Amino acid sequence: MKEKINFTLHSISLILILALLAWYFVGTGITAATAFTYMIMVLIVVEITSLALISSTYPESHTSFKIGIIAALFILFGIKTMMPSFFIPISVTLITLNFLYNFYSNSKRRKGAFKRKKKKTARF
C-alpha cells in the first residue's frame, strides 16, 4: 500500500513540475530561476514525504540515494545565489536524474528485485 502511495506521490510531483514548466512558458512575469525554485521546493516536500513512507521497505542504497537527492536539492538554493548561471542546468540535471531513478526503482520493486535485506543478528 505504501508503495502505491509512493508511486502516486512521484506521479503527482511529475505533473506539478510539468504544470510549473507550463506556467513558465505561458506566464509572462515569471523568470526561469523563480520557476525552478518553486519546482525544487515541491520536490523537497515530495521526496521527504516519500522517504518517510517507504524508507523501511526499500533497501539502504535507495534510502541513501534519496537523502543525497534531498541534500542536493537544498544545495541548489546556495548555487542559485553564488553561481546563478549554473543554477538552471544543474537543476534540470538533478530533477531529471530524480525522476528517472524514481520510475526505475518503482519498476524494479514491481518485479520483486528491490527489497531490503534482513538484518543479521550477532551470534556468539
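Modeller: Let's start at Met83, which sits in the loop between helix H3 (60–82) and helix H4 (84–111). Helices here are DSSP runs (H or I, at least four residues; strands are E, at least two), numbered from the N terminus. Keep in mind that this is a predicted model, where local features need pLDDT of at least 70, side-chain atom pairs count only at pLDDT 80 or more, and totals for chains, interfaces and linings use all residues. Residues are numbered from 1 along each chain as its sequence is written, and side-chain values use heavy atoms, leaving out hydrogens and water.

Now step away from the loop and look at a charged pair for contrast. The side chains of Glu47 and Lys66 meet in a salt bridge, 2.9 Å from N to O; the cut-off is a Lys or Arg side-chain nitrogen within 4 Å of an Asp or Glu carboxyl oxygen. This pair ties together distant parts of the chain, as Glu47 belongs to helix H2 and Lys66 to helix H3, 19 residues apart. Glu47 has 0% relative accessibility, so it counts as buried. Lys66 is buried too, because its relative accessible area is 1%. By that rule, the count comes to 1 salt bridge.

What about the whole thing? The protein has 4 helices and 0 strands, and reading along the sequence gives you α-α-α-α. Of the 124 residues in the protein, 34% are buried.

Finally, how far does the predictor trust all this? Average pLDDT (its confidence in each residue, from 0 to 100) is 81, and 85% of the residues score at least 70. Confidence is highest in H3, with a mean of 89, and lowest in helix H1 (residues 2–26), with a mean of 79. H3, remember, is one of the two helices on either side of the Met83 loop where we began.

Notes: pLDDT = per-residue confidence, 0-100. Buried < 20%, exposed > 50% of the residue type's maximum accessible area, 1.4 Å probe, protein only.
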